[in-house]
Amino acid sequence: MSIEHGFLVGLSKSFGLFYLIALSAGVLAYTFWPSNKKQFDQAAESILRQEDRPWT
Amino acid sequence: MFWTRLNFGKLQVGEHVALPLEDSVIRQLTKKERRLALLMLIFLGFIGAAMGILGRDDPLGIHGVLVFVAAILMVFFLGSEYYAPEPSNDRLARYYDDPSKVGIVMSMIWVVFGLAVGDWVAWLLVDPDLTFDAAWSSFGRIRPVHTTSVIFGFGGNALIATSFYVLQRTSRARLADQLSPWFVLVGYNLFCLIAVTGYLMGVTQSKEYAEPEWHADALLVVVWVTYFLIYLRTLARRKEPHIYVSNWYYMAFILVVAILHIVNNLAVPVSIGHAKSYSLFSGVQDAMTQWWYGHNAVAFFLTSGFLGMMYYYLPVRAGRPIFSYRLSIISFWGITFFYMWAGSHHLHYTALPQWVQTLGMTFSLMLLVPSWASASNALLTLNGAWHKVRDDATLRFMMVAAVFYGLSTFEGTFMAIRPVNSLSHYTDWTIGHVHAGALGWVAMITFGSIYASVPWLWKRERMYSAKLVEAHFWLALSGTAVYVFAMWNSGIIQGLMWRTYTESGTLAYSFIDSLIAMHPYYIARAIGGLLFLVGACIGAYNVWMTVKVPAAAMEKAEDTPLPMFPTGINVQPAE
């Protein structure tokens, strides 16, 4: 199997043009989704708890 | 290697002097784990023997002997307590921190060694006679010894040690098993040792930051995949539903370094008995693959993993949650998306197609956004805790690291712009930029994290001496400043001299003219490096003394919940 130069250029000019933008939009939606806020606040606080043993 | 020797020391005197771990490493392994360890060591011994025999006419044979001897020593070490009773299940109610402890000690050993060699290289540029007329000590050989020791030896061990620490705390789960972390640590340090000894014998692929030859590379692949599996398996056992952002950074570091390492090192050895190999790529493809690797090594080895460190240790030490968790997520994905495309800025004005250069330049410019998002997120976290920054040198290390992270990412973006690069490329400006990042950002955040972790790990109230932490901080900061300013001056003068033309259109200065102009800056640089080295030696001494302090503090910590967080007891006032 050989991958032609033209095929790669076509792929990067079509799919390649949009997938990073799509991923970025996805990340922004996830980050700013209102219902996720609580989970993020909890995560930020979670490392400050005074405990040093695994939960069982 | 050092690990075995440290513990042999302990056995000879029959007490916990060398490296006080909770219990001997072997006693904590289950019978099954010990058996598996023995099998792996025997296998390693066979590989070493095979390398020694097949490569007897080549430096590969010397590495074979080294691997064989390491395997034998570890077999003896394992054998010394192979039949000791199995550990009780109490251990499962604690985090498994011994690998982190050993990783930190290794890291401090490598940093002293690596900085010492680095300073030697710096003096070598001041006075070329400092090779002492030997092949092994020539610039081309000891310079990669320096870079590998500090980046992979110091940085890598610190990343492994802190990642295990952070992974367990943020997941509220113990590491998935006890043997694979040791496999990673021992294997990784063996890789570093093979790499460094190889350079001295002239074994190198001549690819910057990917110098080790195929036999060392193969070892690292196995080690690295195991490291990633530890991460996944422990995360699968996590009790905390959300995966804290530090783990994302650490995982990106592990995963991407695996990809980079495998692709850039695709090569065919001359024969199974030779260290020399030829890359799968050639010409400009080879250059592009190398700098795709090289720049992402900066991105994912020297940035992503250390951001993981920063997002955990800085908030914990400051006693405040990160300023914006959302911003940390955006920075994370920004860095992972953008960095991948930035490598071609290392090849401006080369045979690389113009559009690929422009692509790299554009992505480098965009990278400023997630980089500054992280740097400002860290600094804004400190709002309301600046009095702690003033009093606590450990937190100050982390704060300065964030400042240097912001500075050097700005500088890097700037230098990636093609016309700027025409001035900066091939000059000492690049060296200055790298060290602003490596000393100011990477080493500072690492020292901060190590000073925070050591008392927590060894259950001490604080570091042995707060004054020594303070001394280390000022030596590190002044050393970095001297170094970076010297290289800025030197680099820009160099760049300007190389592009100054006479009226008749010929070059105004010869190369030797520029070299003479560099001399005072090279002296300044070597002094800056020396200051940084002295600081690291003080740090190593301080860590060692903290570890060696008898267990009075230990008893206290044993029956009380660990005084881990900086509401008071751990913060070291500057006196």
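**Chain A against chain B**

I looked up the contact first: chain A puts 28 residues into it and chain B 34 residues. The model is predicted, and I read every value below with that in mind.

I then took the buried area. Chain A and chain B bury about 2,800 Å² between them, and 67% of that is on carbon and sulfur atoms. On the chain A side, Ile47(A), Asp52(A) and Trp55(A) supply 24% of the area buried against chain B, more than any other three residues.

Next I checked the charged pairs. The count between the two chains is one salt bridge. Asp52(A) forms it with Arg169(B), with the closest N and O atoms 2.9 Å apart. I also noted six residue pairs in polar contact between chain A and chain B, both residues at pLDDT 80 or more.

Which elements of chain A give two or more residues to the side that touches chain B? I found helix H1 (5-32) and helix H2 (37-46). H1(A) gives the most, with nine residues. By class, I have this side of chain A as 16 nonpolar, six polar and six charged residues.

**Cavities**

I listed ten cavities of 30 Å³ or more. I counted 14 residues in its lining, with Phe152(B), Phe191(B), Leu220(B), His261(B) and Tyr293(B) nearest the centre. Helices H6 (180-200), H7 (214-236), H8 (245-264) and H9 (283-318) of chain B each give two or more residues to this lining. H7(B) gives the most, with three residues. By class, I recorded the lining as eleven nonpolar, two polar and one charged residues.

Technical notes: Residues are numbered from 1 along each chain as its sequence is written. Chains are lettered from A and ligands numbered from 1 in the order in which they are written. This is a predicted model: local features need pLDDT of at least 70, side-chain atom pairs count only at pLDDT 80 or more; totals for chains, interfaces and linings use all residues. Side-chain values use heavy atoms; hydrogens and water are left out. On a 1 Å grid over the protein atoms alone, a cavity is a set of points where a 1.4 Å probe fits but cannot get out, and a pocket is an open set with protein on both sides within 12 Å along at least five of seven lines; lining residues have an atom within 4 Å of a point. Grid points are joined across faces, edges and corners, and a volume is the space filled by probe spheres set on the points. Helices (H or I, at least four residues) and strands (E, at least two) are DSSP runs, numbered from the N terminus. Ala, Val, Leu, Ile, Met, Phe, Trp, Tyr, Cys and Pro count as nonpolar, Asp, Glu, Lys and Arg as charged, and the others, Gly among them, as polar. Contact means heavy atoms within 4.5 Å. Buried area is the accessible area (1.4 Å probe) that two parts lose on being put together, summed over both. A salt bridge is a side-chain nitrogen of Lys or Arg within 4 Å of a carboxyl oxygen of Asp or Glu. A polar contact is a pair of N or O atoms within 3.5 Å; within protein, one must be able to donate a hydrogen and the other to accept it, and residues adjacent in sequence count only if both atoms are side-chain atoms.
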